[in-house]
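Here are my notes on the model, as numbered points. Have a look at the structure first, then read on.

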Amino acid sequence: MLQVTGARVRYGDREVLHGVDVEVAAGELLAVLGANGSGKSTLLRAAAGLAGSDGGENDGEVRVDGRERAPLDVALVFQRIHLVPRRTVLDNVCAGALGRLPLRSSLVAALFPRAVREEAMGCLERVGLADRAHDRAGALSGGQQQRVAVARALCQRARVLLADEPVSALDPAAAEQVLGLLAELAHTERLAVLAVLHQPGLAARYADRVVGLREGRVVLDGPAGTDVGSLYPADDRDLEAVS
Amino acid sequence: MTMTDTGVRWVPVPPRRRRPRTLAVGGAVLAALLIVHVIAWRTTEMSFATLLDGADGMADFLSEAIPPDLSADVLLPSLEGALVTLWIGLLGTTLSIPFALLLALAAARGTAPGPVVYQAARGLLSFLRAVPDVVFALIFVTAVGLGPFPGVLALVFHNVGVMGKLWAETIEDADPGPPTALRSAGAGRLQVAAHALLPSLTPQLTGLLLYRFDVNVRSSLVLGLVGAGGIGFLINQSIQLFRFDEMLTHILVVLVLIVAVDRLSALVRRHLGSAA
Ligand SMILES: Nc1ncnc2c1ncn2[C@@H]1O[C@H](COP(=O)(O)OP(=O)(O)OP(=O)(O)O)[C@@H](O)[C@H]1O
Ligand SMILES: [Mg+2]
């Protein structure tokens, strides 16, 4: 479903990604692992078409479903969630549909067409939060907010979901829940999900496949449960063993 | 060497070396400040002697002004004038909202459509801000005649400049996260503003609006002095007729009006703050 080929990203004269190839199939949750600075976020930004917008240069190709990536093809989920806390959960989810709505039916939330609202309700139901539709997003817990953000991504109707450390700001129980949700969406909705994770344990439990990056290269690609210890500097490995 | 109960020793403070350059710069700044103040003092003809000579005049003035004339045929027009002043301030603030919002969006990095529009909007805001509302009022009084209407126009023009700038700055300081998220979902510039920026910023923007309302009511008083209606006009009139007791009545009414508006706006802003 998602094919990144030869991703090569330079900032100034420093090359951060040295020609990375990654592929995510429909129905698959791929976890990307690697130490700090190994290029995980950069890879994700390249896949989203964002590398290059911040002063970096990007060659390489991103294809979605065999075609060149179009703007609405991939949806993003962020570590810092990025909902609008003062608006309702439902309005936040509807905002995922903005890319396909004309200005006259989207300038204020009251103008959102009924179909969009109902679709958004469906997305909320998918993440198990339909009963919170009219609450302020800021009133929800971190884990619930991240699920709302996933619902917003669903409302975008993208077939590819990219998530950069989606659970790093969450407590362990919420992290399990959000990753469980991402895996389930991959499997039942046949989405291609690529998630950058920092906990190999979570990756082993929820991902279908793991890819390891080190210094801007793919050094490991295998089924969940592959030993990823070699990706991290020695003294970090002890910490990971504890968590 | 002394010790406290907790066993901490008294340690002598080592001498701090001041660099001669720091001293020289400090001295130069001090001298320059002194010189500009002397120049200012001379140019503005400051003189305690004149103030003392004028003390008699002051006393006369006060004895005529006190007690204020609180009879109904002074107080009623005064209250009416105060209301007009309030309405001028209100309309001057409200009518400037759409223009200030458009210019603020055009003058904030992140929402500006391009560098040319950004610079143009910034320039226009600076111009409107630089021209005081009294000057606008004088221009509009000349153009459309005496009365409250030119006062409203003057406030709108100046307030668009000030509020637009304040709002633009608030928009620039907003958390860039939600806008990024919506942009990545394909939302356009106006959609991002309407669904990510403005909803997050409502309390701040409204707070600034109320602050401007407060200021504008006070300005509209001054606009009255140059012929733009309201209680300022009455104050001006009573001074010209040497009716200082009436003037004092007007000033007391103004005081009440301004304190009331100030309290109200502070109250609403506090509620906004706790809702945010
Ligand atoms: N906008 C940028 N400008 C310059 N260098 C950048 C930029 N973004 C990333 N880099 C560099 O690219 C390298 C990879 O960064 P990246 O953010 O992809 O790492 P990461 O694997 O996501 O790390 P982390 O685990 O800390 O999130 C780093 O050395 C970083 O300094
Ligand atoms: Mg990162």
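1. Let me start with the spot where things meet. Domain 1 (1-65 + 160-227) and domain 2 (76-158) of chain A both contribute residues to the lining of the largest pocket, so this pocket lies between them. The domain bounds come from an automatic or database domain assignment.

2. Some housekeeping. This is a predicted model, where local features need pLDDT of at least 70 and side-chain atom pairs count only at pLDDT 80 or more, while totals for chains, interfaces and linings use all residues. Residues are numbered from 1 along each chain as its sequence is written, chains are lettered from A and ligands numbered from 1 in the order in which they are written, and side-chain values use heavy atoms, with hydrogens and water left out.

3. Back to the largest pocket: its volume is about 350 Å³. Of the 15 lining residues, A:Arg45, A:Leu50, A:Leu76, A:Phe78 and B:Thr180 are the closest to the centre. Two or more lining residues come from each of α1 (40-48), β6 (74-77) and β7 (160-164) of chain A, and from α9 (177-184) of chain B. Which element gives the most to this lining? That is α9(B), with 3 residues. By class, the lining has 6 nonpolar, 5 polar and 4 charged residues.

4. On terms: the search runs on a 1 Å grid over the protein atoms alone; a cavity is a set of points where a 1.4 Å probe fits but cannot get out, a pocket is an open set with protein on both sides within 12 Å along at least five of seven lines, and lining residues have an atom within 4 Å of a point. Grid points are joined across faces, edges and corners, and a volume is the space filled by probe spheres set on the points. Ala, Val, Leu, Ile, Met, Phe, Trp, Tyr, Cys and Pro count as nonpolar, Asp, Glu, Lys and Arg as charged, and the others, Gly among them, as polar.

5. There is 1 cavity of 30 Å³ or more, and the largest cavity has a volume of about 60 Å³. Its lining includes A:Leu76, A:Phe78 and A:Arg152 from chain A, along with B:Ala181, B:Ser184 and B:Ala185 from chain B. At least two lining residues come from each of α4 (142-155) of chain A and α9 of chain B. The lining divides into 5 nonpolar, 3 polar and 1 charged residues.

6. β1 (2-11) and β2 (14-24) of chain A pair in the antiparallel sense over 8 bridges. A:Ala7 has A:Val20 as its bridge partner, and A:Arg10 stands opposite A:Glu15. With 2 residues between the strands, A:Gly12 takes a positive phi near 65°.

7. Finally, chain B. The unreviewed UniProt entry places "domain: ABC transmembrane type-1" at residues 82-265; that span is 83% helix and 0% strand.

Key:
Helices (H or I, at least four residues) and strands (E, at least two) are DSSP runs, numbered from the N terminus. Two strands pair if DSSP finds at least two bridges between them. UniProt positions are given in the numbering used here, feature names are shortened, and annotations may be inferred rather than shown by experiment.
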